[in-house]
Amino acid sequence: MKTTSRTGSSNIPLANDRRNTRAIVLTSHPGNDAARLLPIAWGAGAAQARGPVVGTLHNPGGRNAIGTHAGAYSLYRALAVAAGQLNAEHRPDLTNTAPAVPIGPFPQWSDPDRIVSMDPWGHMTGQAFGAQLAQGWDIRPTIAVTKAHINMPEILAAIRAGRLQPDGDVLSANGDARVTKVAIEPVWWLPGVARRFGISTTDLRRGLFEQTGGMFPELVTRPDLDVFLPPIGGMTVYLFGDPTTLGRPETKIACRVHDECNGSDVFGSDICTCRPYLAHGVEVCIETAQAGGVGVIVYNRKEGRALGEVTKFLVYNARKRQEGGDRAESYFLRTECVAGVNDMRFQELMPDVLHWLGIARIDRLVSMSNMKYAPIVASGIDVVERVPIPDALIPADASVEMDAKKAAGYFTDSVPEADELKRAKGRGLEE
Ligand SMILES: [Zn+2]
């Protein structure tokens, strides 16, 4: 056995030294008992009956899920282990990490088809699966709940314009808004995900296996494992108001479901309406919280309609260089030319988080998008009012996007005429 250690270091064996001497264990065939010892009964009404999702790699009984924790960041963890900077067998010390605010359980958690893309018990692993943790299983949270203050210049502007009034609780005079924020990693129950798309579980598993270059062989060799931790981005939920009133029919809910747009959300790029819409959503959430309700911002890591930012920037160039300039008429077509489709966000899975929060009715949905409205309503949540963005908040270069979306059937009071859609409105590349 190789026993080298790094020059001058202690006699603690380094993770990569040990790793290089171990046999590679193929995970593609049953070699453990986890699926039998800790079966997952998705949608069971209580945590113990449902059972923990074990996606960690060092358990005496193996794992009962495909993939590993942390979504896209699982690859960085792999890199840290490969680079010798992280002991592969490190277990997190979860002291004091429990949710800052309790969320659930709600009746929706025990409907196997209502929530299929996240683990409803993912923030409660410590309290729900203490017995298994004590037996030595490495069970990790896939959800974390904490509290914070946020401060956005748009909210200060709304205070100055008299649209929002500080109350010293939800909103301070300096523009600080108090929030509960929830980070959520994706956990897919494959039979439920397949049903959402009306395809067979076999077709789903095969597609996921083949189109990732064979990344997870268990998708096709281990039909006994039907929970998958996909290496994709998750979401963050920002709650305004008292989250302990969630799940009560009398609690008024405002909600914006927002898909990440780094260029606009963070850097204020003006080709789209993303940040203005997000800020408007926060404003409506603060109003609702001040009136005793709960405001909910769901922020999904689905950059560029889940096509990714490289595709998105390629499309921007194609739009601005096309003959006739950037115009609403060809907005979606240019995306399809590059990506093959104009959207891959799969809003079919989006309402899961709303059910996880115990929401059965949204009083104010801050969105014009039918692609968001339709799956929310189809999933059994009533929507009372849809709130469009005020025209004054739309940036100049974003009018192409707005007109294209309105013409494509986004909810609006005024659908633009064909002539309007033909006119070039976006800036050229050199402007
Ligand atoms: Zn955007």
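**Zinc site, sheets and salt bridges**

At 17% relative accessibility, cysteine 274 counts as buried (buried means under 20% relative accessible area, exposed over 50% and partly exposed in between, with a 1.4 Å probe and protein chains only). The model is predicted: local features need pLDDT of at least 70, side-chain atom pairs count only at pLDDT 80 or more, and totals for chains, interfaces and linings use all residues. Residues are numbered from 1 along each chain as its sequence is written, and side-chain values use heavy atoms, with hydrogens and water left out.

Cysteine 274 is one of the ligands of the zinc ion. The ion is coordinated through SG atoms of Cys261, Cys272 and Cys274, at 2.1 to 2.2 Å. Donors here are N, O and S atoms within 2.8 Å of the metal (3.2 Å for Na, K and Ca); water is not among the atoms, so sites may look incomplete. Along the sequence, the donor residues follow the spacing C-x10-C-x1-C. Cysteine 272 is buried as well, with a relative accessible area of 2%. The disulfide count is 0 (a disulfide is a pair of cysteine sulfur atoms within 2.5 Å).

Strand S7 covers residues 253–259. Helices (H or I, at least four residues) and strands (E, at least two) are DSSP runs, numbered from the N terminus. In S7, 7 of the 7 residues are buried, so the strand is largely enclosed by the rest of the structure. In a regular strand the side chains alternate between the two faces of the sheet. Ile253, Cys255, Val257 and Asp259 point one way from S7. Ala254, Arg256 and His258 point the other way.

S7 pairs with strand S8 (residues 294–300) in the parallel sense, over 7 bridges. Two strands pair if DSSP finds at least two bridges between them. S7 also pairs with S9 in the parallel sense, here over 2 bridges. Alanine 254 takes part in both pairings: its bridge partner in S8 is glycine 295, and its partner in S9 is arginine 364.

Strand S9 spans 361–365. The loop between helix H16 (352–356) and S9 holds isoleucine 359. Isoleucine 359 is buried, at 2% relative accessibility.

A separate description applies to strands S1, S5 and S4. These 3 strands form an open sheet in the order S1-S5-S4, with mixed pairing. Strand S1 (66–67) and strand S4 (188–189) stand at the edges; each has a single partner strand, so one side of each is left without a neighbour in the sheet. S1 and S5 (residues 227–229) run parallel and are joined by 2 bridges. Isoleucine 66 has phenylalanine 228 as its bridge partner in S5.

The structure holds 19 salt bridges. A salt bridge is a side-chain nitrogen of Lys or Arg within 4 Å of a carboxyl oxygen of Asp or Glu. One of them joins aspartate 343 and arginine 345, at 2.7 Å from N to O. Both of these residues are buried: aspartate 343 at 17% relative accessibility and arginine 345 with a relative accessible area of 10%. Salt bridges link Asp259, Asp343 and Arg345 in a network. Asp259 is also among the buried residues of S7.

Arginine 222 forms another salt bridge, with aspartate 224. The closest N and O atoms of this pair are 2.8 Å apart. Arginine 222 is buried, with a relative accessible area of 2%, whereas aspartate 224 is partly exposed, at 41%.

In helix H9 (residues 201–210), glutamate 210 and arginine 206 are 4 residues apart, which means a separation of about one helical turn. Their side chains meet in a salt bridge of 3.0 Å, N to O. Both are partly exposed: glutamate 210 has a relative accessible area of 40%, and arginine 206 one of 48%.

On the surface, Tyr73, Tyr76 and Leu79 form a nonpolar patch. Patches are made of residues with over 30% relative accessible area and no salt bridge; like charges are joined within 9 Å, and nonpolar side chains (Val, Leu, Ile, Met, Phe, Trp, Tyr) within 5 Å. Together the three residues have about 420 Å² of accessible area (Shrake-Rupley method, 1.4 Å probe; for residues, only the protein chains shown count as cover). Tyrosine 76 lies in helix H4 (residues 74–82). Tyrosine 76 counts as exposed, at 58% relative accessibility.
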